[in-house]
Amino acid sequence: MTTKITTAVDRRVFLQMSGALVVSFSAASILDAADVVQGPFDTRRSHVDPTQLDSWLAVGADGSVTAYTGKCEFGQGMYTAQIQLVAEELSVPVSRVKLLQCDTSICPDQGTTSGSQSTPTNFNERNLAQAAATAREALLRLASERLGVPVDRLAASDGVVGVKGDAGKRVSYGELVGGKRFDITVNAHAPRKAVADWRVMGTPVPRVDMTEMATGTFEFVHNVRVPGMLHGRVVRPAAVGAALASVDEASVRGMPGLVKVVVRKNFIGVVCEKEWQAIQAAAKLKVAWTAGPGLPAQHDFYDYLRKQPARDAAIVDSKDIDQKLAAASSVLKATYLHPYQMHGSMGTSCAVADVQGNKATVWSPTQSAYPTRNGVAAVLGIPPDNVRVVYVRGSGCYGINGADTVSYDAALLSHAVGKPVRIQLSRQDEMAWENYGFAYVIDQRAAVDRSGTIVAWDYESWSPSLGGRPGYDQPGNVVTGMLVGFEPAAPAPRAAGAPRGPLRNGSNAVPSYLAGCIDGSCNGAGTIKSERVVTHTILSPFFTGPLRSPARLQNTFAHECFLDEIAAQVKADPVEYRVRHLSDPRLREVVQAAAKAAKWQPRQSPQRTGSGRGIACVAYEGDNGYVAMVADVDVDQSSGRIRVKKLVVAQDCGPITNPDGMKNQVEGGALQGLSRALGEEVTWDDRKVTSIDWRTYHSLPLGFDVPEVESVLINRNGVEASGAGETAITIVAAAVGNAVFDATGARIRQVPFTPERVKAALQART
Amino acid sequence: MSEIALNVNGRSHRLDVDSATPLLYVLSDDLGLRGPKLGCGLGQCGACTVIVRGRAVRSCVTPVGTVAGAEIMTLEGLGTPEKPHPLQQAFIDEQAAQCGFCLNGVILTAKAFLDQKPKATDAELQQGLANVLCRCFTHVRMLRAIKKYQEKRA
């Protein structure tokens, strides 16, 4: 049975449907386009020129607006938010805007949808926002010519330009430009609508995909069906680093529906007529693998990391840290440990590829449409321009899950059989081979003066890395690319150079309380002038990659717990003590707002009553969102179980596009952070990963004792819009850890806070 | 292969499939339904849930042969975009989703559970949802939607 692929509408067909006459690229001209431009988003090149308005927007004869974006929806609400943006800037109803996202044949290359960068990229004064503003400016100019009235007497609403004070004189967008190209460049200075004039932005517009999702009619990539499509399954190595010894094709010969066993270097897969047949054939196929190099033991992995050759970097170094520590009246030290964690998407990753000769189409849930185009081209050995990647939403990814690797899988299998192939990974293949969020060892030291103020802070971390996002030219950064022979990116050991300024605290390696000075320029959020932040990156035995708040979350756990430890040592109130060491007004304000909403009473921790509260905060990536959280917990001291009762989150991400969408992100981030803090940890034995399903990797289910989550949204105008998807999650472990300390006097310095670790910390109390 | 009669969302189908095939693959591949989804294939997450004879069943581990002739309901059979079931409407009203991949399991598990136990306490409801996952952690809204539905139907 085949289903119409509504997401795979190409621009030409779409414009015919919408009644627009915009002359568009034929498929051939797309693939042979000579007039390529260098992309502005650290991208390579694309036939869709982002300097041209027509690359971003088209107005149909019926007045409908079609926008093209390189930033896609995967559950965070970006689809609806971008529609709001276009509707607002063009003064058309939300229902009249269609958004086509991340299809390499028609959308601008905006690199990867990640890092809480979609809002900064498309909502501030550039890109989609500026394209929409340019279109409005152009429509007003056209209306002025048509009506013979100066622009300053015109006003647009509901897709119609009218003359102020003359209700009879009006002309619709469809009449002005419908069916024609704008043929102008995006004006970087086209005026944006003032926040005070917003009608659609800033309001809780419901998600446009919500009804389809709730009624089971929404098309995920898992639902893509193309005529003649077959089903594939891969057979991954039996151990990390194992190589193929032999494949016994006779072991599956004669199985129902079997089309082909595909072998390419260490990549093994089967293609069958039906999905269940492919699952059975993959299980039955006899494959012999070499033993592999073996894995470092998990029980002392954190010590192992300290001893490995590393790529070192100094982020800040005031050069006086050793003297300050030696001279201080009091020095505190602590080490924090964070495990590898996984994206663990709800649905395993899935893609459909149709490779015919040297041309390929891939329906992919990737966050990186254009880079995946290049990656698919590389694994197939064909030119990137011969590959079209059509983004179709997958299961929520939270970073680089199996989406990119499964796109390569689909392409390789389809290439081998010359027919369209769909593949959805098994749960084990997803979990054992994805790019995990980084493990971390973090040593903190701080010097405190006689007044109890921190005068020096010394941070040193060890973190393993291998692979990551493939970008445009490193398909080996995910497992399938490596299996077919591409090298993953690996950290080459080298000594640290001098810090290079000005500080951009993208990984939050620098604690918020530091001044962050490099060559006299201070970009930190805090007051501590004596500072040193040094990182060591080590070769990881497993693939790693960005997992929601990558490195920021791990670093912030260590910073915010350590600040709390110091506050307790000097008997200071954790809220007051934070504010005392912060210089950034926005960060101070969210701390105070969270404390106020939580009715925080100044306290010295620990109170040791079995119930406690803790606070944590962060300026995400230094300046991409400000958030603070108060956690209230009960600790059952006999079982070691933590029950989180309430999380109060205060957040300032600049002007808010959709307050309900932002709340949804805050709530989800808070609880996902809780799951990661309390239970999630990748495990392994001497050869392979052993956390391979939901019994061995522990995600809090819908039926856990869900805490109340209260969001305090600070809607700040007059600043740039920043990201909101990775803020709350960054501070959960610290807020909860600090609350557990307040409740019990036990400090837990290792994530996840399992009952065993809580009990051990309770016993270790002094 | 053998011919199996399936009754899905009130429609009868006769299909020539291996009776050991998990129901999920028949629903999504042979019948083209989008509600039930492959989450884990192990019966651990709920994404593949369908309602069979009034009970929530994990279709990824249910051989199709065992449900031949039974009334099977998927998420798209519960209500339609034009006329959502009150529980679906509660999810829409609360905007209780992020990626939406888990919604099938959440809604159908809650539906079957509350049909059996309309007056379930919070603790019982928690128990009923103990093996359902949402990895976007939209728990707050989902539980609110389910509670509102429960209160309304009482």
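Here is a friendly walk through some features of this predicted model, starting with chain B and then moving to chain A.

1. **What chain B is built from.** Chain B contains six helices and five strands. Reading from the N terminus, the order of these elements is β-β-α-β-β-β-α-α-α-α-α.

2. **How chain B fills space.** A compact globule of 154 residues would have a radius of gyration near 15 Å, and chain B agrees because its own value is 15 Å. Along the principal axes, its C-alpha atoms occupy a box of roughly 45 × 25 × 25 Å. Of the 154 residues in chain B, 56% are buried. Among the contacts in chain B with a separation of 6 or more, 58% are between residues 24 or more positions apart.

3. **Two domains in chain B.** Domain 1 of chain B covers 2–77, and domain 2 covers 86–153. The C-alpha centres of these two domains are 21 Å apart. Where they meet, 13 residues of domain 1 of chain B contact 14 residues of domain 2 of chain B. On the domain 1 side, strand S3 (49–52) and strand S4 (55–58) of chain B each supply at least two residues. Which of the elements gives the most to this side? S3(B) does, with three residues. By class, the domain 1 side has seven nonpolar, four polar and two charged residues.

4. **The strands around S3(B).** S3(B) and S4(B) run antiparallel and are joined by four bridges. To see one pairing for yourself, find B:Val50, whose bridge partner in S4(B) is B:Val57. The hairpin of these strands has two residues between them, and B:Arg53 takes a positive phi near 50° there. S3(B) also pairs with strand S5 (residues 71–73) of chain B, in the antiparallel sense and over two bridges. In that pairing, B:Val52 stands opposite B:Ile72 of S5(B).

5. **Where chain B meets chain A.** How many residues does each chain bring to the contact? Chain B brings 57 residues and chain A brings 50. On the chain B side, the elements that give two or more residues are helix H1 (23–30), helix H2 (75–78), helix H3 (86–94), helix H4 (103–116), helix H5 (122–128) and helix H6 (139–153). The largest share of that side comes from H6(B), with five residues. Sorted by class, the side of chain B that touches chain A has 30 nonpolar, 20 polar and seven charged residues.

6. **A strand in chain A covered on both faces.** Now look at strand S19 (residues 421–424) of chain A. In a regular strand, side chains alternate between the two faces of the sheet. On one side of S19(A) are A:Val421 and A:Ile423, on the other are A:Arg422 and A:Gln424, and all of them are buried. Strand S9 (residues 230–234) of chain A runs parallel to S19(A), and three bridges join them; here A:Gly232 stands opposite A:Ile423. Strand S16 (residues 350–356) of chain A pairs with S19(A) in the antiparallel sense over four bridges. In this second pairing, A:Cys350 has A:Gln424 as its bridge partner.

7. A:Ala410 is part of helix H12 (residues 403–417) of chain A. A:Ala410 and A:Ala353 are 57 residues apart in sequence, yet their C-alpha atoms are 5.2 Å apart in space.

8. **A covered helix in chain A.** Helix H19 (residues 732–744) of chain A has 13 residues. From its first C-alpha to its last, H19(A) reaches 18 Å, close to the 18 Å expected at 1.5 Å a residue. H19(A) is mostly covered, with 13 of its 13 residues buried. After H19(A) comes A:Gly745, which has a positive phi near 80°.

Technical notes
Residues numbered from 1 in each chain as written. Chains lettered and ligands numbered in written order. Predicted model: local features only at pLDDT ≥ 70, side-chain atom pairs only at ≥ 80, totals over all residues. Expected span 1.5 Å × (residues − 1). Buried ≥ 20, exposed ≤ 12 C-beta atoms within 10 Å, placed from the backbone. Contact = placed C-beta atoms within 7 Å. Nonpolar A, V, L, I, M, F, W, Y, C, P; charged D, E, K, R; others polar. Domains from an automatic or database assignment. Pairing = 2+ DSSP bridges. Rg over C-alpha atoms; globule rule 2.2 N^0.38 Å.
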